[in-house]
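Keep the sequence and the coordinates at hand.

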Number of protein chains: 2
Amino acid sequence: MANIMATKIDSESDQTLVSRIEADLLAGHFRPGEWLKQADVEANYNANRFDVRMALLDLKARQLIEHIPNRGFRVINLSEREREELFETRSILETAAAKLAAERISDETIAELEAIVRQFEVQMETAELDELRALNGRFHDLLYQSSGNSLLAEEIKALRQRGLPGARGGGLAWRTMAGILQSHEDHVRMIALLRARDGDGLAEAICGHLNMWRKYLPKP
Amino acid sequence: MANIMATKIDSESDQTLVSRIEADLLAGHFRPGEWLKQADVEANYNANRFDVRMALLDLKARQLIEHIPNRGFRVINLSEREREELFETRSILETAAAKLAAERISDETIAELEAIVRQFEVQMETAELDELRALNGRFHDLLYQSSGNSLLAEEIKALRQRGLPGARGGGLAWRTMAGILQSHEDHVRMIALLRARDGDGLAEAICGHLNMWRKYLPKP
DNA sequence: ATTGCCAAAATGGTAGCCAATTTCTTCGAT
DNA sequence: ATCGAAGAAATTGGCTACCATTTTGGCAAT
């Protein structure tokens with residue numbers, strides 16, 4: 001009896017507490033700078049105080065939230081400057097990884113990438129934004145994993161995630177349909193460049209892709 | 001009375017527990033793969049169980065130690081492959097940062113760097129290895145901070161540190177005096193390249209500097 | 001020598017307490 | 001009425017203790 005109850009209660013949390021909060025953070029379900037009060041998290045995620053503390057510490061270590069002593073934790077809120085630095089650093093890592101990937105990627109993996117891009121194309125009009133965001137993430141993760149350097153890939157992933165919390169609509173230029181379409185076309189082009197083993201071209205494409213959002217900013 | 005006692009007891013730990021353990025890790029005072037049992041740490045650092053746990057979690061987040069469920073924490077022990085990946089990634093970031101630094105660094109900061117190098121030269125024969133290691137760290141930190149991108153600098157610092165735990169003698173090619181001397185000469189050369197604003201040359205120097213240790217390996 | 005079993009050791013999840021700090025509220029003074 | 005200060009409420013966070021789970025290590029039996 002008690003076991004069944006416990007299972008039922010936990011049913012919605014087949015994932016760990018951290019990953020549930022993380023998912024909400026990366027999906028932009030919190031506002032930048034929003035306070036994550038322990039009591040609230042405790043209630044909203046149906047967890048106990050200790051787990052909440054551990055989860056928040058974990059997320060803090062990954063810089064998705066920040067910690068202010070005696071105040072608590074709040075969603076990261078990057079300054080203009082920090083955002084610049086983030087994109088500069090991502091450009092460095094991602095262009096380098098792209099060049100490596102162009103050399104090392106296998107034909108099978110290119111096919112996998114293409115499958116993701118196709119799925120993106122199909123779901124672009126119907127699916128929810130979160131779904132598209134997930135596909136986008138899978139595309140880039142797989143691409144950078146193909147660099148053959150998984151530490152590099154992890155580093156890139158971590159940096160990408162740091163830009164997401166509090167960024168509405170997935171965080172890039174994805175506020176507009178045009179942005180999403182542009183993103184998709186970039187991906188198609190990347191596949192072609194991978195097939196052509198054009199590392200430099202790919203790097204350039206990545207750079208443009210990364211800085212795409214600038215075109216869609218309210219006030220540049 | 002009690003206050004004075006407390007202060008005295010804490011006197012040796014004016015730094016936090018994490019930074020004390022961290023210092024020992026980075027100085028190579030633990031062996032790679034060595035277990036950090038909670039009880040031992042508790043005793044050796046004169047701390048309580050809770051603080052130890054928090055400290056170990058923190059160090060785990062920075063990948064200086066790893067955590068195996070129900071076994072505990074142990075000093076990171078990089079595989080050959082992981083070490084390759086680490087250096088490849090560092091090369092990418094550090095050469096990029098060096099190029100930026102060559103553009104953006106001020107004359108004052110170059111002078112600061114030179115001061116560190118001079119101090120290194122003076123202390124090379126007399127000072128302890130830990131002292132030299134600290135100076136080396138300050139040199140590289142300041143250099144990469146001069147890229148004007150502090151996120152980039154932090155990232156580089158974190159990656160550098162990940163290579164240190166368990167690496168005897170500071171972790172690089174610093175097992176031999178020749179390695180230390182080589183390192184110093186590299187630094188001198190870097191200063192010259194900075195003065196000449198030769199970003200590409202500097203990047204190349206960094207690359208060689210980073211991969212210097214290969215020459216001094218027991219079995220390549 | 002190998003296997004199985006039991007005891008000892010260690011981890012790690014949990015509850016709960018209370019001091020320090022911040023935030024909110026209320027009250028009083030100008 | 002506004003501002004400021006004192007006090008109350010809320011919140012964080014450091015800490016102790018407990019014990020279930022798991023692993024480890026040793027000992028005995030085959």
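Q: In which helix of chain B does Arg49(B) lie?
A: The model is a predicted one. Helices here are DSSP runs, numbered from the N terminus. The run that holds Arg49(B) spans residues 49-61 of chain B, and that is helix α4.

Q: Is Arg49(B) buried, partly exposed or exposed?
A: Buried means under 20% relative accessible area, and exposed means over 50%. Arg49(B) has a relative accessible area of 36%, so the class is partly exposed.

Q: Which residues does Arg49(B) contact, leaving aside its neighbours within four places in sequence?
A: Gln38(B) is eleven residues from Arg49(B) in sequence. In space, their C-alpha atoms are 6.9 Å apart. Contact is judged on heavy atoms, within 4.5 Å. With the sequence neighbours set aside, the partners of Arg49(B) are Gln38(B), Ala39(B) and Glu42(B).

Q: How are helix α6 and helix α7 of chain B oriented to each other?
A: Helix α6 covers residues 107-123 and helix α7 covers residues 129-145, with axes 10 Å apart. The packing angle is about 165°. Angles over 145 degrees count as roughly antiparallel. α6(B) and α7(B) are therefore roughly antiparallel.

Q: What is the make-up, by class, of the contact of α6(B) with α7(B)?
A: α6(B) passes α7(B) in a left-handed crossing. From α6(B) the contact takes in Thr109(B), Glu112(B), Leu113(B), Ile116(B), Val117(B), Gln119(B), Phe120(B) and Gln123(B). From α7(B) come Glu131(B), Leu132(B), Leu135(B), Asn136(B), Arg138(B), Phe139(B), Leu142(B) and Leu143(B). By class, the contact of α6(B) with α7(B) has nine nonpolar, four polar and three charged residues.

Q: Which residues touch the most other members of the largest nonpolar core?
A: The largest nonpolar core has 78 residues. Two of them touch the most other members: Leu143(A) and Leu143(B).

Q: Which residues does Leu143(B) touch, not counting those up to four places away in sequence?
A: Leu143(B) is one of the α7(B) residues in the contact with α6(B). Not counting residues up to four places away in sequence, Leu143(B) touches Ala101(B), Leu113(B), Met190(B), Leu194(B) and Ile206(B).

Q: How is α6(B) oriented to α9(B)?
A: Helix α9 of chain B spans residues 177-195. The axes of α6(B) and α9(B) come within 10 Å and cross at roughly 160°. That makes the pair roughly antiparallel.

Q: How do the residues of the contact of α6(B) with α9(B) divide by class?
A: α6(B) passes α9(B) in a left-handed crossing. Among the α6(B) residues that meet α9(B) are Leu113(B), Val117(B) and Phe120(B). On the α9(B) side, the residues include His184(B), His187(B) and Leu194(B). The contact of α6(B) with α9(B) divides into eight nonpolar, two polar and three charged residues.

Q: How are α5(A) and α8(B) oriented to each other?
A: Helix α5 (residues 80-104) of chain A and helix α8 (residues 150-162) of chain B have axes 8 Å apart. They pack at an angle of about 50°. α5(A) and α8(B) are therefore oblique.

Q: Which residues in α8(B) meet α5(A)?
A: Glu85(A), Leu86(A), Thr89(A) and Ile92(A) are the residues on the α5(A) side. By class, the contact has four nonpolar, two polar and one charged. The α8(B) side consists of Ser150(B), Leu151(B) and Leu152(B).

Note on methods:
Residues numbered from 1 in each chain as written. Chains lettered and ligands numbered in written order. Predicted model: local features only at pLDDT ≥ 70, side-chain atom pairs only at ≥ 80, totals over all residues. Heavy atoms only, no water. Axes fitted to C-alpha atoms, helices over the stretch in contact; angles between N-to-C directions. Helix = DSSP H or I, 4+ residues; strand = E, 2+ residues; numbered from the N terminus. Parallel < 35°, antiparallel > 145°, perpendicular 65-115°, else oblique. Left-handed = near helix turned anticlockwise from the far one by under 90°. Nonpolar A, V, L, I, M, F, W, Y, C, P; charged D, E, K, R; others polar. Core = buried A, V, L, I, M, F, W, Y, C linked by side-chain atoms within 4.5 Å. Buried < 20%, exposed > 50% of the residue type's maximum accessible area, 1.4 Å probe, protein only.
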